[in-house]
Amino acid sequence: MQIRVSSVISNSPIIMNVDCDMYSNNCDTIRDALCFFLDEEMGHKIGFVQFPQNYNNLTKNNIYGNSHQVTNQVLMGGMDSVGGPMYVGTGCFHRREILCGRRFTEDYKEDWNGGIKDKTQESIVEIEEKAKSLAASTYEHDTQWGDEIGIKYGYPAEDIVTGLGIHCRGWKSVHSNPPRPAFLGVAPTTLAQTLLQHKRWSEGSFSIFLSKYCPFMFGHGKIKLRHQMGYSIYGLWAPNSIPTLYYVIIPSLALLKGISLFPEITSPWMSPFIYVLCVKNMYSLYEALSCGDTLKGWWNEQRMWMVRRITSYLYGLTDTVRKLLGLSKMTFAVTSKVSEESESKRYEQEIMEFGSSAPEYVIIATVALLNLNCLVVGLCQIMTGGWNILLNVFSPQLILCGMLVITNIPFYEAMFVRKDKGRIPFSVTLASIGFAILALLVPIV
C-alpha cells in the first residue's frame with residue numbers, strides 16, 4: 001500500500017524500508033546506497049542495497065546472542081560473491097521498479113529524471129484523492145499485488161520471499177556494512193522475547209522452504225546453486241531442532257546407562273570426532289572475536305545456539321507441520337520490546353530473565369537437569385568400576401555431557417540459587433524434575 005501511495009506523492013526511483021522500531025544512525029547512509037545504484041559498471045544490475053540489522057541496547061557480552069555480528073559481517077557479506085544477500089525486511093534501499101515486478105535486462109537504465117518532476121503539475125487535492133484510492137485494500141482485489149508486485153504476502157517471513165523473487169528475476173543485491181551502523185533498533189531484552197522472535201523467523205523460513213518458493217525449486221536455473229544454499233541455511237533452522245535434541249539428550253543418557261556411542265579415545269577412528277569438535281569451535285571463536293564479540297559473548301552465543309534450537313526452532317517445526325496438516329492457521333506474533341524496570345536492570349547486569357511458566361522453560365530446565373544427573377552418575381560409575389578402562393571408553397560422552405552442564409550453569413542458578421523475580425518459577429522446576437526422571441527411566445536400546 002505504501003508503495004502505491006508514494007508513487008503519487010514523489011514516485012522516487014529508490015525506496016527506503018526501515019522497521020518502526022529502528023532509526024537512522026548515519027547521515028551518509030543514503031549517499032552510500034546511491035553510490036551502489038549509480039556505479040558505472042555494476043549499478044544497473046543492483047536491485048537493492050541491504051544494511052545490517054544492528055541494535056543499540058546490546059549488553060557487553062551479548063547475553064541473549066542477539067548481536068548477529070558474525071551473520072552481518074561474514075555470512076551476509078559472503079553472499080555478495082554469489083548474487084547478493086537476502087532482503088531482511090529492514091534497513092534496505094530498493095529500486096521502485098523491481099518491487100513492481102520488473103525483470104533485469106542488460107540494457108536497463110534508471111530514469112533518474114522522473115519522480116517528483118512529474119508531480120509538479122498536479123494539485124495537492126488531486127494527489128490526496130489518488131492516494132486515498134490507492135490506499136484502499138479493495139484496490140488489491142484480483143490483481144498481482146502481494147504476488148508479483150510489491151512485498152509478497154502470505155508468509156511470516158515475507159521479506160525472504162520478496163528478496164528471493166527479486167534475485168530470481170535476474171537482479172543482484174549488495175551488502176553494505178559501514179563502520180558506523182546505518183540503522184539501529186531495539187533488541188529483545190528477555191529470554192522470552194528472544195525465543196519468540198526466533199520462533200517466528202524459523203517458522204517463516206521453514207514454511208518458505210516447504211512451499212513453491214523453496215530456493216532449490218523456485219531458484220532452479222535462475223540463481224546459482226551456492227545462492228540457493230545460502231537461502232536454505234535459514235529455511236532449515238526449524239528441522240535442525242531434531243538433531244540438536246538428540247545431541248543434548250542421547251549421549252548423556254547413554255553415559256548414564258553405560259552404553260558407548262563413540263570409538264575409544266585411543267582409537268584412530270576417534271580422530272574425525274576430535275577434529276570436528278576442535279576446528280568447529282576454534283573457527284567459531286575466531287569469527288566471533290574478529291567481528292568484535294568478547295570471549296564471554298561467544299560462550300553466551302553457544303548457549304543460545306542450543307537453547308534456540310530445542311525451543312524456538314522446535315516450536316517453529318511443529319507449528320509449520322500443523323499448518324500443513326490444516327490443524328492451525330498462520331499467525332504473525334509481534335515481538336514485544338517493552339520490559340519492566342526490574343527486567344531492564346537484570347538485563348543490564350547480564351542476568352538471564354525467566355520469571356514465567358512458559359513451556360519453553362520446562363524444556364530448557366529438563367535438559368539441564370538431565371545432563372547434570374547423567375554427568376554425576378556417569379562419573380560415579382567410572383570411579384567405582386575401573387577408572388582407566390571406562391574412562392578410555394566413555395571419555396567422549398563425558399566431555400560432551402560436561403560441556404553441556406557448564407553451558408547450563410545459568411539455568412541451575414535460576415532454579416536453585418536465585419531469589420529475584422526473574423528466576424525460574426518453582427512450578428517449572430518441579431515439572432522439569434518430573435520429566436527428567438521419566439527420561440532417565442526410558443530405555444534407549
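Trainee: What makes Thr190 and Glu353 count as touching Glu343?

Mentor: Glu343 has both as contacts once residues up to four places away in sequence are left out, and contact means heavy atoms within 4.5 Å. Glu343 and Glu353 are ten residues apart in sequence, with their C-alpha atoms 6.9 Å apart. Glu343 itself lies in helix α14, residues 341–348; helices are DSSP runs of H or I with at least four residues, strands are runs of E with at least two, and both are numbered from the N terminus. This is a predicted model, in which local features need pLDDT of at least 70 and side-chain atom pairs pLDDT 80 or more, while totals for chains, interfaces and linings use all residues. Residues are numbered from 1 along each chain as its sequence is written, and side-chain values use heavy atoms, without hydrogens or water.

Trainee: Why is the pairing of Glu203 and Lys323 called a salt bridge?

Mentor: The term requires a side-chain nitrogen of Lys or Arg within 4 Å of a carboxyl oxygen of Asp or Glu. Here the N to O distance is 1.7 Å, so the pair qualifies. The structure holds eleven salt bridges.

Trainee: What does the bridge from Glu203 to Lys323 tie together?

Mentor: Glu203 is in helix α7 (residues 191–209) and Lys323 in helix α13 (residues 312–324), so the bridge links parts that are 120 residues apart in sequence.

Trainee: How do you know that α10 and α12 meet, and through which residues?

Mentor: On the α10 side, Ser241, Thr244, Leu245, Tyr247 and Val248 are in contact with Trp305, Met306, Arg309 and Ile310 of α12. These residues divide into six nonpolar, two polar and one charged (nonpolar: Ala, Val, Leu, Ile, Met, Phe, Trp, Tyr, Cys and Pro; charged: Asp, Glu, Lys and Arg; polar: the others, Gly among them). The axes of α10 (residues 241–256) and α12 (residues 295–310) come within 8 Å and cross at roughly 115 degrees; axes are lines fitted to C-alpha atoms over the stretch in contact, with angles from 0 to 180 degrees between N-to-C directions.

Trainee: What makes one space a cavity and another a pocket?

Mentor: On a 1 Å grid over the protein atoms alone, a 1.4 Å probe fits in a cavity but cannot get out, whereas a pocket is an open set with protein on both sides within 12 Å along at least five of seven lines; lining residues have an atom within 4 Å of a point. The structure holds two cavities of 30 Å³ or more. About 60 Å³ lies in the largest cavity, where a volume is the space filled by probe spheres set on grid points joined across faces, edges and corners. Helix α9 (225–235) gives the largest share of that lining, four residues. The second largest pocket holds about 770 Å³. Of its 24 lining residues, Tyr247, Leu277, Asn281, Leu400 and Met403 are closest to the centre.

Trainee: What classes of residue make up the lining of the second largest pocket?

Mentor: There are 20 nonpolar, three polar and one charged.
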